[in-house]
Amino acid sequence: IVAGDFRLPPNCYLVSSIYYISCPERFSKKVALHLPHTAIIESEEEASHFRFYAAKCSSGPPYKFKELRGGSFTPFSESACIELNQFSYIAAGANIPPKQRYYSQVFYKLKQPCSEW
């Protein structure tokens, strides 16, 4: 998701994109969701400051994110895992300013015949 009317809890520092995940029905069993993040986590103590946050899609904007219980952030990993049986908007964050690595996506345009750059 590129942008939206998202309200995160106070002192929540995003370390991932906000993802919209939908399924037509609720799963009967929990499904493991692995979410990539940009945080540099070097110890279990640092990992304890990271959380998953979710907002219900049905509530409409502004989407108010709440902390989810569970999930795991592992030191020296670039993803985190949480088990869910329903989906919505989901993101990873920290309750302290994290050390982060930054990534960018490269966009390009192919030259089309008779088009201008």
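Predicted model: local features only at pLDDT ≥ 70, side-chain atom pairs only at ≥ 80, totals over all residues.
A salt bridge here is a side-chain nitrogen of Lys or Arg within 4 Å of a carboxyl oxygen of Asp or Glu. Residues are numbered from 1 along each chain as its sequence is written, and side-chain values use heavy atoms, leaving out hydrogens and water.

So, how many salt bridges does a search of the whole structure find? There are 4.

Let me start with Asp5, which pairs with Arg7, their closest N and O atoms being 3.1 Å apart. Asp5 is partly exposed at 31% relative accessibility; buried would mean under 20% relative accessible area and exposed over 50%, with partly exposed in between, using a 1.4 Å probe and protein chains only. Arg7 is partly exposed too, at 44%.

Next, Lys99 and Glu42 meet at 2.7 Å, N to O. Where do these two sit? Lys99 lies in the segment after strand E10 (89-94), while Glu42 is in the loop between strand E4 (31-36) and helix H1 (44-47), 57 residues apart. Those labels are DSSP runs numbered from the N terminus, with at least four residues for helices (H or I) and at least two for strands (E). Lys99 is partly exposed at 41%, and Glu42 at 43%.

Then Arg51 in strand E5 (residues 50-55) links to Glu67 in strand E7 (residues 66-68), 16 residues apart, with an N to O distance of 3.2 Å. Finally, shared partners join Glu42, Glu46 and Lys99 into one salt-bridge network.
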